[in-house]
Amino acid sequence: MKSNSHAVTTKIIQKWDQDLLFKILDNIDDVVLVLDSDTTIVYANESYANILGVPVYKVLGCRLDMIEPDALAIAVLRSGVASHGQSDYLTSVGIDTIGSAFPLLENEKIIGCVAIFKNISEVVELSRELERTKEVAGYLQEQLNHKNLPLSFKEFIGNNPHLQETLELAAKVAPTNSTVLIRGESGVGKGVLATAIHNSSKRKDKPLIKVNSAAIPETLLESELFGYDEGAFSGAKKGGKIGKFELAHGGTIFLDEIGDMSFSMQAKLLRVLQEKEVERVGGNKTIKLDIRVIAATNRDLEKMIKDGEFRSDLYYRLNIVPLHILPLRERKDDIIPLAKKFLSHFSEDCGENIILSPEVVKIMQKYEWPGNVRELQNIVEHACIVRTGRFIEARHLPAYLRPKSSLKEPEHRQLNPYDLKEAIERIERDLIAAALATSNNNRSVAIRQLGISRRTFYEKINKYNIVEQSKA
Ligand SMILES: Nc1ncnc2c1ncn2[C@@H]1O[C@H](COP(=O)(O)OP(=O)(O)OP(=O)(O)O)[C@@H](O)[C@H]1O
């Protein structure tokens, strides 16, 4: 079949000689390269010279393993196995290529290799541009998700759809004077949400007074909340003391941990909320109040009512607009954006761009976060302090978060700090993981940053078992 098609060609072209063949090869856009068995370049067409930027005669006779030791053609020459449609990065000239290579055999012996490939740097650049555009689109989408939310809500990080619903409802109720009850586990951001609501209300220029009912001893809570008059009790300050309710006049009072308030205190609080006036302890004057109430709790108030621990009348008074913030384990999509937000604070402080390694991303996504966002924030802060370079690695996390294998390592084998091979491997592994993390898992960008060939890159990610994460 092949000899037939050649026969037809020779009929059309009468003078079939080497010059003509070379002219044809020089006029095609793809690079054609012929190597002999020791990788010496025995033929290169004009396209190759164009890529290199030097005339062909300068490369003829040169050994490719000296110019481009990781080139696909060399691997084909050594293995004897042809390769088709394979992409390759030419480190010496900094271009991405795609092509094929096949060995030349004579008496079953490899005597050389032919490589045909094209420069796809423009395509790679376009795909990189596409990646960048996607990133921008993602960012704009994020902005759009927040489009209905007032500016003060931008501080509240989280794109989880359920969370967004909560934020939208919060934004709707914010400009009103309605009482809001924020529910959610400890550390989910109830305080942050209360601040966002206050800051987007008409009261934003007036005080937001926070009271943590669980942190104030029962005996002091009443006077803390309502204030006292001089001589109200032994040890009372001269001139009395203004209470938190009075302080919040014109603004908002945030009653945190409302479920931890004693039953008798609940009755006093209810009276103040109903009457909208307060009487200082030991005083006989009522003080009119203009306040907005935001309460929060991590307790199961409904169960507490059943158990006789929480007053149902106060519950109904507070539960006018309930807002529930999901625990972090139920909105895992928010973990990395939150971690990045905290990282950006530390990065700003130290003037460095601190980055999470892919392994850390994986660990964070897997973990259940019983302490919610507060725990995440603490862990990021801890890691930023103990890290030595720009990258946060698993070893910078608290021991309870680290994978067992990395904890066990020192027990099983004594690390020799002078073992050069091990040290180089460690650095290689860390750099590749870091390059992937910084490039958002864009392999081409990572390869370029690392300055290694695509093949070497793949060999190494297999060798070190580096697992890329979904884009953070
Ligand atoms: N969505 C969020 N965006 C940014 N920071 C957040 C977010 N949620 C929580 N945080 C941060 O996490 C920490 C804990 O938040 P916050 O105090 O509001 O939680 P909480 O639910 O009120 O906790 P507790 O019930 O223990 O009072 C704070 O430092 C806060 O800045």
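Reader: How many bridges join strand β6 to strand β13?
Author: In this predicted model, local features need pLDDT of at least 70, side-chain atom pairs count only at pLDDT 80 or more, and totals for chains, interfaces and linings use all residues. Residues are numbered from 1 along each chain as its sequence is written. Strands here are DSSP runs of E with at least two residues, and helices are runs of H or I with at least four, both numbered from the N terminus. Strand β6 (residues 180-183) and strand β13 (residues 292-297) run parallel, and the number of bridges joining them is 4.

Reader: Which residue in β13 is the bridge partner of I182?
Author: Two strands are said to pair if DSSP finds at least two bridges between them. For I182, the bridge partner in β13 is A296.

Reader: In what order do the 5 strands of the open sheet lie?
Author: The edge strands, each pairing on one side only, are β7 (208-212) and β14 (321-324). The pairing is parallel, and the order is β7-β10-β13-β6-β14.

Reader: Which elements give two or more residues to the shell around the ligand?
Author: A residue is near a molecule if its C-beta atom, placed from the backbone, lies within 6 Å of it. Of the 17 residues around the ligand, S186, G189, K190, G191 and V373 come nearest. The elements giving two or more residues to this shell are α9 (190-199) and α17 (372-386).

Reader: From which domains does the shell around the ligand draw at least three residues each?
Author: The domain bounds come from an automatic or database domain assignment. With those bounds, the domains are domain 2 (150-326) and domain 3 (331-463).
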